[in-house]
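Please find below a short note on the model under review.

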Amino acid sequence: MAAPGKKDYYEILGVSREASADDIKKAYRTLTRKYHPDANPGDKEAEAKYKEINEANEVLSDPKKRAQYDQFGYVGDMPPEGFGGFGGFGGQGQTFTQEDIGDLFGNLFGGGFGGRRRSANPNAPRRGADLEATVRLTLEEAYRGVTRKLEIPRLDTCRRCGGSGAEPGSSVNVCPTCHGSGQIFQVVNTPFGQMQQSGTCPTCRGKGKTVDKVCTECRGKGRVRRTATVDVKIPAGADNGMRLRVSSKGEAGVNGGPSGDLFILTEVMPDARFTRRDDDLNTTVEITFPQAALGCEVKVETFDGIEKLDIPAGTQAGSKLRIRGRGMPRLKTKGNGDMNILVKIKVPRTLTQKERKLLKELAKESGVETAG
Ligand SMILES: [Zn+2]
Ligand SMILES: [Zn+2]
């Protein structure tokens, strides 16, 4: 977006302002091939274009020159015609455009000044904000993986104007007050002397553009608040407190900038049957003393159904057994963790007469004293 009378080197090379050095090199090669005098003998227009392309490349292919160009809109000591020309430094509240100040302070402030200003340039494409949402899952959902439809309120690109802020059919012009920079500069008197302040251009409110008629849908903002339905895929094995990124599902960018990302925080709720430890699941089985002493087969619930587990004879209370591969799916590698089983021995609270008799016999046989 060059000011009147200024050449836009980016436009000449047909690349965006964010183009990489490679993009510029590529564009330059393609264009010089096309407009080379050898390929267009006697064609004055092609010759002029060829010169222009070389001039643009000379600036944009040199990081230093490119930075200066981005900052002030020209390269070298002298601004192109049509710049400068404000009278005096003293007028309080006097308004200068970015180009004027660039002319005045360019050598004084060097690159650092421009770096800040460039990032504050409201014309520059800006990435949309990242958003965050929490998804609550049961442990079983975390085990299997799940796709959730989330209602995300966010700023989306206005569909009516495609983000330009202009009513369809109306024209967009470079702001006459700030020449497209979106900012104005003022010199103000302070107790410390005169200082220059930058501010948002009041004519275009920083957009650098004015439109004949603002979009009726977004009132010129280019974005509208809308609730979007986003399918979020939670991978099998998701853990509590994970932060998943859903690329480009955040808020829409500004001035053609990319969308932000949507971050999903996972909250996995406790399960009545299993507790989780990393990729393993822990559970408990209760068996009786005869089962522990003689061995038995028990049924263990897993997320993939009932598993049979052999309890060997002589198993102690508090023993830990394991079924391999019946834990949570591993997120980073293949396979699953294990199911760890803690063995508890259940002691009956009431006994039948026969049970009491048999237990007393057992105690006597074992040579231990019992009450009653
Ligand atoms: Zn709109
Ligand atoms: Zn303006």
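1. Which strand gives the most to the lining of the second largest pocket? In this predicted model, that strand is β7 (residues 209-211), which supplies three residues to the lining.

2. The lining of this second largest pocket comprises 21 residues in total. Those lying nearest the pocket centre are C204, R205, K207, G220 and K221. The space in the second largest pocket amounts to about 520 Å³.

3. C204 also belongs to the metal site: its SG atom coordinates the zinc ion (ligand 2), together with the SG atoms of C175, C178 and C201.

4. The geometry around the zinc ion (ligand 2) is tetrahedral, because the four donor atoms subtend angles of 104 to 114 degrees.

5. As to the chain as a whole, eight helices and 16 strands are assigned. Of its 372 residues, 35% count as buried. The accessible surface of the chain is about 22,900 Å², and carbon and sulfur atoms account for 49% of this surface.

6. On contact order in sequence, the following may be noted. Where contacts in the chain link residues at least 6 apart in sequence, 64% of them join residues at least 24 apart.

Methods. Residues are numbered from 1 along each chain as its sequence is written. Chains are lettered from A and ligands numbered from 1 in the order in which they are written. This is a predicted model: local features need pLDDT of at least 70, side-chain atom pairs count only at pLDDT 80 or more; totals for chains, interfaces and linings use all residues. Side-chain values use heavy atoms; hydrogens and water are left out. Helices (H or I, at least four residues) and strands (E, at least two) are DSSP runs, numbered from the N terminus. Buried means under 20% relative accessible area, exposed over 50%, partly exposed in between (1.4 Å probe, protein chains only). Contact means heavy atoms within 4.5 Å. Accessible areas come from the Shrake-Rupley method with a 1.4 Å probe; for residues, only the protein chains shown count as cover. Donors are N, O and S atoms within 2.8 Å of the metal (3.2 Å for Na, K and Ca); water is not among the atoms, so sites may look incomplete. Four donors count as tetrahedral if all angles lie between 85 and 135 degrees; four count as square planar and six as octahedral if opposite donors are over 155 degrees apart and all others between 65 and 115; anything else is irregular. On a 1 Å grid over the protein atoms alone, a cavity is a set of points where a 1.4 Å probe fits but cannot get out, and a pocket is an open set with protein on both sides within 12 Å along at least five of seven lines; lining residues have an atom within 4 Å of a point. Grid points are joined across faces, edges and corners, and a volume is the space filled by probe spheres set on the points.
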